[in-house]
Amino acid sequence: MAKLRASAFGALVALIVLCLAWELWLAPLRPGGSLAALKALPLTLALGGILAGRRYTFQWSSLLALAYFAEGVMRAWAEHGTSRALAAGEIALSLFFFSAVVAYARLTRPGY
């Protein structure tokens, strides 16, 4: 379970970094960065709970991951160049994070 928790935490940090880098430096919606970087804020709310291994945080953050997956799919479909590659990275990281948190939540459920 420690490996799942570490995997989830690593994927979460990577997703936060990707979101910030994407919207501030790599391919922002507007030159010089955009307020779309605030999309990383909800992810930061889960950091403490994931690191501490709180089952409830793993449960609700799995639903949060789906929003980032949906954004990645939509932007991969609609954009070109660097943004499309970053969207593919967001898809991969959100799926990896989702898989890790769901597996951890299953393994830590009461009576299992």
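This is a predicted model: local features need pLDDT of at least 70, side-chain atom pairs count only at pLDDT 80 or more; totals for chains, interfaces and linings use all residues.

Student: Let's start with helix 4. How do you know how its span compares with what is expected?

Tutor: Helix 4 covers residues 55-78, which is 24 residues, and its first and last C-alpha atoms are 35 Å apart. At 1.5 Å a residue the expected figure is 34 Å, so the span is close to what is expected. There is a bend too, of about 25° at Ser62.

Student: What about helix 5, what makes its span agree with expectation?

Tutor: Helix 5 has 26 residues, which should span 38 Å at 1.5 Å a residue. Its end C-alpha atoms are 38 Å apart, so the two agree.

Student: Why is Phe58 called buried?

Tutor: The cut-off for buried is under 20% relative accessible area. Phe58 comes out at 0%, so it counts as buried. It belongs to a list of buried residues in helix 4 that also includes Ser61, Ala65 and Tyr68.

Student: What do the buried residues of helix 4 pack against?

Tutor: They pack against helix 1 (2-26), helix 2 (41-44), helix 3 (47-52) and helix 5 (82-107).

Student: And why is Tyr104 called buried?

Tutor: Tyr104 has a relative accessible area of 7%, and the limit is under 20%, so Tyr104 is buried. Tyr104 is one of the buried residues of helix 5, and what covers those residues includes helix 1, helix 3 and helix 4.

Student: How many aromatic pairs does a search of the whole structure find?

Tutor: The search finds 1. The partners are Phe58 and Tyr104.

Student: What makes that pair stacked?

Tutor: Two values decide it. The ring centres are 4.0 Å apart, and centres within 6.5 Å pair up. The planes are 25° apart, and under 30 degrees counts as stacked, so this pair is stacked. Phe58 sits in helix 4 and Tyr104 in helix 5, 46 residues apart, so the pair links distant parts of the chain.

Student: How do you know that the charge of Lys39 has anything to do with a ring?

Tutor: The charged end of Lys39 sits over the ring of Trp22, 4.1 Å from its centre. The distance cut-off is 6 Å, so 4.1 Å passes that part of the test.

Student: Which residues touch the most other members of the largest nonpolar core?

Tutor: That core has 26 residues, and the ones touching the most other members are Ala8, Leu12, Leu43, Ile50, Phe58 and Phe97. Helix 1, helix 4 and helix 5 each supply at least two residues of this core. Phe97's contacts beyond four places in sequence include Ala8, Leu12 and Ile50.

Student: Why is Leu86 called buried?

Tutor: Its relative accessible area is 11%, so Leu86 falls under the 20% limit. Leu86 lies in helix 5 as well, and Leu18, Trp22, Leu26 and Ala27 are its contacts once neighbours within four places in sequence are left aside.

How values were computed:
Residues are numbered from 1 along each chain as its sequence is written. Side-chain values use heavy atoms; hydrogens and water are left out. Helices (H or I, at least four residues) and strands (E, at least two) are DSSP runs, numbered from the N terminus. The bend at a residue is the angle between axes fitted to the seven residues ending there and the seven starting there. Buried means under 20% relative accessible area, exposed over 50%, partly exposed in between (1.4 Å probe, protein chains only). Contact means heavy atoms within 4.5 Å. A nonpolar core is a set of buried Ala, Val, Leu, Ile, Met, Phe, Trp, Tyr and Cys residues joined through side-chain atoms within 4.5 Å. Rings of Phe, Tyr and Trp (its six-membered ring) pair if their centres lie within 6.5 Å; planes under 30 degrees apart count as stacked, over 60 as edge-to-face and the rest as tilted. A charge sits over a ring if NZ of Lys or CZ of Arg is within 6 Å of the ring centre and within 35 degrees of the ring normal.
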